[in-house]
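Good morning, and thank you for coming. May I ask you to look at the structure first, before we go through some of its parts together.

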Amino acid sequence: MSETLENLLQEDRRFAPSPAFVARANAQAGIHADAEADPEAFWMTQAKDRITWFKEPTVGLDESNAPFYTWFADGELNLSYNCLDRHLAGSADKVAYHWVGEPGDTRTITFQDLHDAVCLFANALSGLGVVKGDRVAIYMGMIPELPIAMLACARIGAVHSVVFGGFSSDALADRILDADAKVVITQDAAWRRGDIVPLKASTDVAVARTPGVSSVIVVNRVGNDVLMVEGRDHWYHDLVADQPTSFEPAVLNAEDPLYILYTSGTTGKPKGIVHSQGGYLTGAVTTHSYVFDLKPDEDVYWCAADIGWVTGHTYIVYGPLANRTTSVMYEGAPNHPDLDRLWSIIAEYGVSIFYTAPTAIRAFMKWGDEYPLRHDLSSIRLLGTVGEPINPEAWMWYREHIGPPAAPIVDTWWQTETGGIMITPLPGVIATKPGSATLPFPGIGADVVDADGESVPLGGGGFLVLTRPWPSMARTIWGDPDRFVDTYWSRFPGRYFPGDGAKRDADGYYWLLGRVDDIMLISGHNISTTEVESALVSHPAVAEAAVVGRRDPITGQAIAAFVTLRGTVEGDDALIEELRDHVANVIGPIAKPKSIVFTPDLPKTRSGKIMRRLLQDISEQRQLGDVTTLANADIVHEIQAKADGGSDE
Ligand code: ATP
Ligand code: MG
């Protein structure tokens, strides 16, 4: 990979954790070396210490059917028991969720409340004939009934498939059909930026295409008029009305499937990732405790993702609840009614741990510094990011404007498939560098390899691989085991290939370079989209940038950049020249974008990731690829129109 990142990172900013933080940190120096000495024993200890088993496992990793690895295969447990029942003895009245509705209504839900609601609903589902192994689709906004529905499935042993509430009826129908779900749980409508999203109406359209669905359950959130089909559709409140508040948790095998979740679709058609019970929970609780340095009796924790993505599954529902965490859960948009909504919630609840995505941080930067300044954010003691490489500039902004200066930032690299965080700083143990996810989590084996699978020495870049199985790894792709083997285990046999590029610096720190498919080849030099984007974002006028390599007769590929400006800055030809020179100064003339298009927004998945492949299609004047998970279709047409008029050199 190029040496150019070196230039970009010349300053080598480094932030060591404060002595006060180190003294109280969950993770202790030496944890990496201890786990590395015997990873399987490390995970077995975590599984036994952190989980309440009905039957403790005696085996850890089983490789006999590789790459369909199993963990703790003779163990028995129930995740809803681990998230709820076992806390009732001492923490029944502890708050599990401070829930905040978008219009301003709130609910305070204790572990006892959550337990009772889950049992009511498990009884209701069971009354509709849902049994262990059945698939249940959940298509909802961020209301308490969403985790309740997931935990009720887990209590029964039914496999949930949560479909993000921002998806279309077609995307919902595709996922219902793929998983062959027999029940769909939805709500009349959801609040979003003051508008109503009619989820039940979309469900009706979807279910018309899915003959296998026998019941649709509807939560009344907004009070919107909906059509109820006799015999098929049921109001949630009617179903739970006369149910008991107890439901015997099913005794499940550690390897029974817990859920199916479809990937974001950033690189192509989404994959139905299947997660296990015991291994998944082991990964969730261990990473949640160490990475966020969680103190269950002190912290107010807020993962501001949507439960429709894996981040919400692992770090809003299973990890935090099993770790007896008090969380904030927010229903709506970050800019409703005003651009300071998140900061007002942090101040109101005294949030101490806050976890969000780089795309959100870049939006906060674009909106301006005054919004966080309106509120007292001094309760924050740790910040996290996930979802994309974070530009060093955005990292610094996050540190300076959201965290009081001493709060560590954990940049966590992982995927739907990995189930939990894989590469991350351990606060209290590892010094951070803005833009680097630092080191593999204890027990996780990683490497950077070249096209032949040979390890690249420190200082070089290539393909990121994970070198050994871990408990929370995906077990398969639902209904398509061949695609599971092809996608992840064929490129470098015996090792897991996530599809991302990475570079390691002299300290062995990992710098994620984006998808390997996105790495550009300019006049024989490999240049990662991430590094050019970070150079653009380091210019004061730029809020966000996406670059792609487009075919070029002379240089092989040429860099096409799409740039969103900060605040009120106007883009003109002079600024284009200035930005091109800026990239040349930061990285080198080879990385100078050939064209720059200003745009008010970039095409993103509904999970907020930049879809570079669409920009590449536009740049090379091809028909657009799969757009089913695209959030903002209008912007694509706008960019298409502008790119045709191009601002080439
Ligand atoms: P699809 O697999 O369908 O294309 P997706 O990969 O976007 O979708 P997710 O599983 O939600 O779906 O995202 C995981 C990917 O997000 C990772 O492979 C990586 O490219 C990116 N990512 C996540 N966290 C980070 C991070 N901290 N730094 C860099 N990249 C990250
Ligand atoms: Mg992926």
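I shall speak about a sheet, a ligand site, and then several points in the loops.

A few conventions come first. This is a predicted model, in which local features need pLDDT of at least 70 and side-chain atom pairs count only at pLDDT 80 or more, while totals for chains, interfaces and linings use all residues. Residues are numbered from 1 along each chain as its sequence is written, chains are lettered from A and ligands numbered from 1 in the order in which they are written, and side-chain values use heavy atoms, with hydrogens and water left out.

Let us begin with the sheet. It is open and mixed in its pairing, and its seven strands follow the order β5-β4-β17-β16-β18-β19-β20. Strands here are DSSP runs of E with at least two residues, helices are runs of H or I with at least four residues, and both are numbered from the N terminus. Two strands are said to pair if DSSP finds at least two bridges between them. At the edges stand β5, residues 106-110, and β20, residues 409-411, each of which pairs on one side only. From one strand to the next, the twist averages 15°.

Consider one end of this sheet. Strand β4, residues 95-100, pairs with β5 in the antiparallel sense, over five bridges. Within that pairing, Trp99 stands opposite Arg107 in β5. Helix α7, residues 111-127, lies across β4 and β5 and runs at about 90° to β5. The axes are lines fitted to C-alpha atoms, for helices over the stretch in contact, and the angles run from 0 to 180 degrees between N-to-C directions.

I turn now to the ligand. Which residues are the closest to ligand 1? They are Thr263, Gly265, Thr266, Thr267 and Thr416, out of 21 residues that surround the ligand; a residue counts as near if one of its heavy atoms lies within 4 Å. Several polar contacts may be named, a polar contact being a pair of N or O atoms within 3.5 Å; within protein, one must be able to donate a hydrogen and the other to accept it, and residues adjacent in sequence count only if both atoms are side-chain atoms. An oxygen atom of ligand 1 lies 2.7 Å from a backbone N or O atom of Gly265. On the nitrogen side, a nitrogen atom of the ligand is 2.7 Å from an N or O atom in the side chain of Asp411, and a nitrogen atom is 2.8 Å from a polar backbone atom of Thr412. Taken alone, ligand 1 exposes 630 Å², of which the protein buries 95%; these areas come from the Shrake-Rupley method with a 1.4 Å probe, and for residues only the protein chains shown count as cover.

Finally, the backbone. Most residues other than glycine have a negative phi, and most peptide bonds are trans. A cis peptide bond joins Ala66 and Pro67, with omega about 0°, and Pro67 lies in the loop between β1 (61-62) and β2 (70-71). Another cis bond joins His336 and Pro337, with omega about -5°; Pro337 sits in the loop between β17 (326-330) and α14 (341-349).

Arg193, in the loop between β9 (190-192) and β10 (195-197), has a positive phi, near 50°.

Terms used
Contact means heavy atoms within 4.5 Å.
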